[in-house]
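Please look through the structure below with its sequence at hand.

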Amino acid sequence: MLQPAPFPAARPRRLRQAPWMRAMVAETVLTPADFIWPCFVIDGTDRAEPVASMPGVERLTVDRLVAKAAEARALGIPAVAIFPYTDPAQKTPGAEEAWNPENLVCRATRAVKAEVPGIGVMLDVALDPYNSDGHDGLVRDGEVINDETLLALERQTLAQAEAGADILGPSDMMDGRVGVMRRALEEHEFQNVTIMTYAAKYASAFYGPFRDAVGSGGALKGDKKTYQMDPANTEEALREVAIDLAEGADMVMVKPGMPYLDICQRVASEFRVPTFAYQVSGEYAMLRAAMQNGWLDPRVGMMESLMAFKRAGCSGILTYFALEAAQALKSG
Ligand code: PBG
C-alpha cells in the first residue's frame, strides 16, 4: 500500500531561513553597552606604543587615552578599565606608588572623568604594577603575605576613589580584600563607588601578554598559584563569589573568559548578580594571531567569541576588542 511521503515532524530550519527571521528569534544580543574597554596608559604626551604581543593594542599617553575614551563613549561603551605601565624605577618592595595620588592611573582617571562626561572608569586594586616582586601582594621571605597586603590595598582603594574611579576591581585575590575596601569606602563617604570583584580569578597562562603590556612580567618572581585559583576547580569559584558578595561586592567577574565559560554560566545562574567575564590578553592574542594569519574571519570570529559570554549569562565583557566590536555593531 502507498504511504504518504515521509517528512520531518519538526523543521528547525524554518526559523533560520533568512536574516530577518534569524534576528526575530535570536535569544541573545550583543550591544556596545556590553563592553568594558581595558586600556593601557603610559607617561608622556601625544604618544602611542604598540604592545608587541597584542597586535592592535597600544599603550597611550593620558591625552591620547582621553581622546580614545571619548570615541568609546560615542560608540556607546559604558566604561573603560585603565591599567598603568609603570616605570621600573617606581617599583618598590612596599609598592608605595600604588597609593600616590599623583600616580599615572590616578592622573589618567581624573583626566578622563573631567573630559569625557558620561563614561565610567574602572581601576584594578592590586599591587603588581608597583611591586618590585611583580606580585599582587607584598612579599616577605618569598611569601605573599595576606593581611599586610590588605592595608596597602586599602590605601590604594582610597587613592583611586579620591581620583574619581567609579568601579574598583580587586584583582589581587587576597582573602578579605572586598570587606576591607567596602569598609574604607563607607568610612570615607565613597558609598557610591562600586566594586566589581575579580572573584573567580584563575592562575592562568593567558595573562602573559598583559604582563608584557604593563611591564610586570619581567619582575615577577615565581608564579601566582598561592593566591589565584587552580584551573581544576569550580566549587571553589562559587565559594569565592559568595564570600565577595557577602563582603560587599556589587558585581562579580570570572577571569579568564573563554576557557572558563562553564564558570561564567554557573556563577551567573546560581547567584543572579551582574556577572562579567574578562576576555584576557592571551585570548585576545590567540584570536588576533589567527586572524592575522588568515585562519579566522576577524569580524565573525570576534563577534562569536563575545556572543558566547552573553549566551553563558554574563552581563558584560571586558575585552580588548571593545572599540572594534562596537564599531562593527554600529556598521551593522
Ligand atoms: C593584575 C591583573 C592581571 C590582569 C588584570 N589585572 C594579570 C595578573 O593577574 O597577573 C590580566 C588581564 C589580561 O591578561 O588581560 N592583578
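The residues around the ligand are Asp124, Ala126, Asp128, Asp136, Ser171, Tyr207, Phe210, Arg211, Lys224, Val280 and Ser281; a residue is counted here if its C-beta atom, placed from the backbone, lies within 6 Å of the molecule.

The model is a predicted one, in which local features need pLDDT of at least 70 and side-chain atom pairs count only at pLDDT 80 or more, while totals for chains, interfaces and linings use all residues. Residue numbers start from 1 along each chain as its sequence is written.

Two positions carry the UniProt feature "active site", from an unreviewed entry: Lys201 and Lys255. They are spread over 55 residues of sequence, yet they cluster in space, with a largest C-alpha distance of 4.9 Å. UniProt positions follow the numbering used here, feature names are shortened, and annotations may be inferred rather than shown by experiment.

Lysine 201 belongs to strand E9 (residues 194–201), and lysine 255 to strand E10 (residues 251–255). Helices (H or I, at least four residues) and strands (E, at least two) are DSSP runs, numbered from the N terminus. Lysine 201 counts as buried because it has 27 C-beta neighbours inside 10 Å. Lysine 255 is buried too, with 25 other C-beta atoms within 10 Å. The cut-offs are 20 or more other C-beta atoms within 10 Å for buried, 12 or fewer for exposed, and partly exposed in between, with C-beta atoms placed from the backbone.

Which residues does lysine 201 touch, not counting residues up to four places away in sequence? They are Ser171, Met173, Gln228, Met229 and Lys255. With the neighbours within four places left aside, lysine 255 is in contact with Tyr198, Lys201, Tyr202, Tyr278 and Val280. A contact requires C-beta atoms, placed from the backbone, within 7 Å.

A further UniProt annotation, "binding site" (unreviewed entry), covers Glu240. Glutamate 240 sits in helix H7 (residues 235–246) and is buried, with 22 other C-beta atoms within 10 Å. Beyond residues up to four places away in sequence, glutamate 240 touches Ala199 and Ala200.

Serine 53 is found in the loop between strand E2 (48–50) and strand E3 (58–61). Serine 53 counts as partly exposed because it has 19 C-beta neighbours inside 10 Å. Leaving aside neighbours within four places in sequence, its contacts are Gly208, Pro209, Asp212 and Ala285. Arginine 288 is 235 residues from serine 53 along the chain, but their C-alpha atoms are separated by 9.8 Å.

The largest nonpolar core has 98 residues, of which Val41, Val80, Ile82, Met122, Cys264 and Ala322 touch the most other members. Strand E1 (residues 35–42) supplies the largest share of this core, seven residues. Such a core is a set of buried Ala, Val, Leu, Ile, Met, Phe, Trp, Tyr and Cys residues joined through C-beta atoms within 7 Å. Apart from neighbours within four places in sequence, isoleucine 82 is in contact with Cys39, Val41, Val105, Ala108, Thr109, Val121 and Leu123.

Finally, the protein as a whole has eleven helices and twelve strands. Buried residues make up 45% of its 332 residues.

How values were computed:
Two residues are in contact if their C-beta atoms, placed from the backbone, lie within 7 Å.
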